[in-house]
Amino acid sequence: MLRHTKAKTMKNLCMLVVIGMLAAGSLKSAEIPKYYNEVDQVLWVVSNVENTMMKYRMLGFEQFMDLGTVEIRSGTAGTTSTARLVAANLGGAHVNWIQPVAGGSVFKDFLEEHGDAAMSLVHRSPSDDALKDELARLDKLGIGILDKISISTREGALDYILMDTEAEGKYVLGFTFEANGLQVHSALHDENRLDLKLNQYAFAIEDPVPVSDFWKRIGLPELEIRHPELGDPMYYGKPADHELIQGWQRHGTIAYEWCIPVKPPIVYADHIKKHGEGIHHLAFSVSDMDEVLDDYTSQGFVVSMGGTWGEKGKPGSGRYEYIDLEKAGGLTMELLWNYQEKPVSAQL
């Protein structure tokens with residue numbers, strides 16, 4: 001009887017080891033490469049690149065590289081098209097504004113479906129082999145390739161692999177590799193007139209559950225859901241009783257904020273109505289909110305939404321303001337100010 005009990009115990013232990021090994025293998029397959037922790041660049045489709053660049057220059061950004069008219073080759077469809085392309089550094093956000101000109105492309109399709117809007121967040125793989133491994137991993141998870149793109153410019157080719165993630169993930173997951181295109185964005189620095197610093201990549205969606213499940217399947221963290229209590233909420237200059245849910249992913253150097261409108265009027269619902277779900281805004285930290293707002297409103301920019309969080313004048317409190325940039329490329333800008341307690345010497 002004792003031998004039988006021991007044998008049964010050993011059998012159970014072996015089963016636990018096997019289950020543990022299988023679980024470890026499952027966890028390993030869901031791990032993502034470290035380069036997901038940083039967004040290398042944003043592919044942003046616009047209908048008028050000159051106007052977009054002019055508006056952002058008014059906002060205090062001046063790090064642009066106008067690459068003129070470029071040829072875009074689709075490795076999937078085997079077709080070519082042309083577009084106007086401007087690279088920019090917006091306070092640490094490296095973006096490529098792409099204006100389709102002639103011929104069919106994934107960018108033209110995106111523009112026709114969404115209007116002016118950011119399409120893809122791109123990550124940089126350290127090598128071509130590492131990227132092949134990641135594509136194979138994603139393929140096993142049922143994530144296919146939307147297109148393989150090569151853009152011919154005077155600064156060399158810009159190559160991207162775009163994944164078919166928009167329907168479920170609400171943006172196109174993109175990759176580049178090694179030093180491809182680095183000569184473009186390394187020439188553009190973060191400094192800008194009002195010292196804005198990139199703080200968030202943010203999205204507007206309707207239901208966080210399927211989005212969270214999708215990115216968790218790939219290996220990103222599930223959305224950390226918050227129900228923020230907002231103070232003094234405003235919408236286009238008038239008091240508003242709006243509500244939202246926030247979903248956070250903090251796996252990288254810059255946080256992802258997923259904004260879910262609950263009660264309008266609210267800018268996230270406006271964006272979904274105009275453009276569909278997807279990338280909604282870039283958020284920037286500011287040291288002096290009133291200085292920035294005075295600058296922007298004096299030039300005709302409009303504050304679409306704003307408010308506060310926390311107890312005013314206390315650590316952990318702050319203020320947020322949104323700038324309506326619908327006519328400057330389709331994305332909104334959010335400005336964030338956090339209360340900083342002054343040193344005693346500065347208060348005297």
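Leaving aside its neighbours within four places in sequence, with which residues is Asp 164 in contact? Contact here means heavy atoms within 4.5 Å. Asp 164 is in contact with Gly 144, Ile 145 and Leu 146.

## Basis of the model

This is a predicted model, in which local features need pLDDT of at least 70 and side-chain atom pairs count only at pLDDT 80 or more, while totals for chains, interfaces and linings use all residues. Residues are numbered from 1 along each chain as its sequence is written, and side-chain values use heavy atoms, with hydrogens and water left out.

The pLDDT, the predictor's confidence in each residue on a scale from 0 to 100, averages 91 for the protein, and 89% of the residues score at least 70. Over residues 1-29 the pLDDT is below 50, and this stretch has one contact in the model beyond near neighbours in sequence. Residues 344-348 also have a pLDDT below 50, with two contacts beyond near neighbours in sequence. Where pLDDT is low, the predicted coordinates should not be read in detail.

## Overall composition

The protein contains 10 helices and 18 strands. These elements are DSSP runs numbered from the N terminus: helices are H or I runs of at least four residues, and strands are E runs of at least two. Of the 348 residues, 47% are buried; buried means under 20% relative accessible area, exposed means over 50%, and partly exposed lies in between, with a 1.4 Å probe and protein chains only. Among the contacts with a separation of 6 or more, 68% are between residues 24 or more positions apart.

## The barrel

Eight strands close into a barrel in the order β1-β4-β3-β2-β6-β7-β8-β5, with mixed pairing. Two strands pair if DSSP finds at least two bridges between them. The twist from one strand to the next averages 30 degrees; axes are lines fitted to C-alpha atoms, for helices over the stretch in contact, and angles run from 0 to 180 degrees between N-to-C directions. Helix α4 (residues 128-140) packs on this sheet and touches β5, β6, β7 and β8, its direction making about 155 degrees with that of β8.

Strand β1 (residues 41-45) and β5 are antiparallel over five bridges, and Val 42 has Leu 121 in β5 as its bridge partner. Strands β6 (residues 145-153) and β7 (residues 156-163) are antiparallel over eight bridges and form a hairpin with two residues between them; Ser 152 has Ala 157 in β7 as its bridge partner. β7 also pairs with β8 (residues 172-177), in the antiparallel sense over two bridges, and Leu 162 stands opposite Gly 174 in β8.

## Residues around the barrel

Ser 125 belongs to strand β5 (residues 117-125) and counts as buried because its relative accessibility is 0%. Its side chain reaches the backbone nitrogen of Leu 131 at 3.2 Å. Apart from neighbours within four places in sequence, the contacts of Ser 125 include Tyr 35, Thr 176 and Glu 178. Glu 178 lies in the loop between β8 and α6 (182-185) and has a positive phi of about 50 degrees although it is not a glycine. With a relative accessible area of 42%, Glu 178 is partly exposed.

Asp 164 is found in the loop between β7 and α5 (166-169). Its C-alpha atom is separated by 9.3 Å from that of Gly 174, 10 residues apart along the chain. Lys 170, in the loop between α5 and β8, has a positive phi of about 75 degrees although it is not a glycine; Lys 170 is buried, with a relative accessible area of 17%.

## The open sheet

An open sheet is formed by 10 strands in the order β10-β13-β14-β9-β15-β18-β17-β16-β11-β12, with mixed pairing. Its edge strands, β10 (224-226) and β12 (238-239), each pair on one side only. Strands β11 (residues 231-235) and β16 (residues 302-309) are antiparallel over three bridges, and the bridge partner of Tyr 235 in β16 is Met 305.

Helix α8 (residues 267-275) packs on the sheet, and the strands it touches include β9, β11 and β15; its direction makes about 140 degrees with that of β15. Pro 265 lies in the loop between β14 and α8, and the peptide bond from Pro 264 to Pro 265 is cis, with omega near 5 degrees. Most residues other than glycine have a negative phi, and most peptide bonds are trans.

Methods
A polar contact is a pair of N or O atoms within 3.5 Å; within protein, one must be able to donate a hydrogen and the other to accept it, and residues adjacent in sequence count only if both atoms are side-chain atoms.
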